[in-house]
Amino acid sequence: MMANLRVVLVRPRGSGNIGSIARVMKNFGARELAIVGAARTRSFWARAMAVHGRDVLSDAKCYATIREAIADCNLVVGTTARSGLYRNHNQTPREAAPKIAAALGAGKVALVFGPEDHGLSNKDIETCQLLVTIPTDSEYHALNVAQAAAICLYEVFVVSTTIRPRAEIRRAQAEHVERLFDIMRASLLKIGFLDSQNPEHMLLAFRRFLGRAGLEDKDVRILTGMFRQIEWYADRGWKVVEEKEKRGVKIR
């Protein structure tokens, strides 16, 4: 199942770290390395640090955005060393591993790591349904990104090779969920529910609880239809409804 795990590096700065992550992916059976932004995957340091993971390194794919990198994934897991309003409900790698392993049984899972200097931004974590934080000593929280990848991959590997869990639900692909949020944003802005200056603040709350629930394709279709109906009503649908009510026509 580890072959279904995609490691996504967002704007990595050090080519040596990219190589180190390719090596640790090889250790734990992960094959797909995705890089958001420019990366020197063919540099001396990347190849030197990859050692026997050079095949993983050479097969790495680059994307312009996180959304493109995780489009076909059923679960997106972000990693963060920081806490805050947008980073509640974090789990340790050991706590999250059974959920990740279960999702691997049904499809692709993305494990997302941020830049070495400051990690994933609030914007970066929007697409993540689950956030993982590695417990560390209070005097120094930050881990090297390759070390963090090794810890997370190890925990998932142990669960996936010993328990062989089955997926509880078959989650919708990330791109389908993102399209839902595109429609949700438009409709809720139209009725004034979202603050036009900062719509993502409230949308992130929706992302968090819907992400924890785990959306299946049928859930996405139902919610998409509901928000399209809201948008239609706000545009001109209320006139149609009002006219039907006056004529005593049944409203579906």
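Trainee: Why are helix 7 and helix 8 called oblique to each other?

Mentor: Start with the model: it's predicted, so local features need pLDDT of at least 70 and side-chain atom pairs count only at pLDDT 80 or more, while totals for chains, interfaces and linings use all residues. Residues are numbered from 1 along each chain as its sequence is written, and side-chain values use heavy atoms, with hydrogens and water left out. Now, the axes of helix 7 (residues 174–190) and helix 8 (residues 199–213) cross at roughly 135° and come within 11 Å. Axes are lines fitted to C-alpha atoms, for helices over the stretch in contact, and angles run from 0 to 180 degrees between N-to-C directions. Under 35 degrees counts as roughly parallel, over 145 as roughly antiparallel, 65 to 115 as roughly perpendicular, and the rest as oblique. Helix 7 and helix 8 are therefore oblique.

Trainee: What makes helix 7 roughly parallel to helix 9?

Mentor: Their axes cross at roughly 25° and come within 9 Å, with helix 9 spanning residues 217–247. That crossing makes helix 7 roughly parallel to helix 9.

Trainee: Which hand does the crossing of helix 7 with helix 9 have?

Mentor: Left-handed. A crossing gets that label if the near helix is turned anticlockwise from the far one by less than a right angle, and right-handed if clockwise. Helix 7 passes helix 8 in a right-handed crossing.

Trainee: Which residues of helix 7 and helix 8 meet?

Mentor: From helix 7, E178, F181, M184, R185, L188 and L189; from helix 8, P199, E200, L203, F206, R207 and L210. Contact means heavy atoms within 4.5 Å. By class, that contact has eight nonpolar, no polar and four charged residues. Ala, Val, Leu, Ile, Met, Phe, Trp, Tyr, Cys and Pro count as nonpolar, Asp, Glu, Lys and Arg as charged, and the others, Gly among them, as polar.

Trainee: How do you know that strand 4 and strand 5 pair?

Mentor: Two strands pair if DSSP finds at least two bridges between them. Four bridges join strand 4 (residues 75–79) to strand 5 (residues 109–113), and the two run parallel. L75 stands opposite V109 in strand 5. Strands here are DSSP runs (E, at least two residues), and helices are H or I runs of at least four, numbered from the N terminus.
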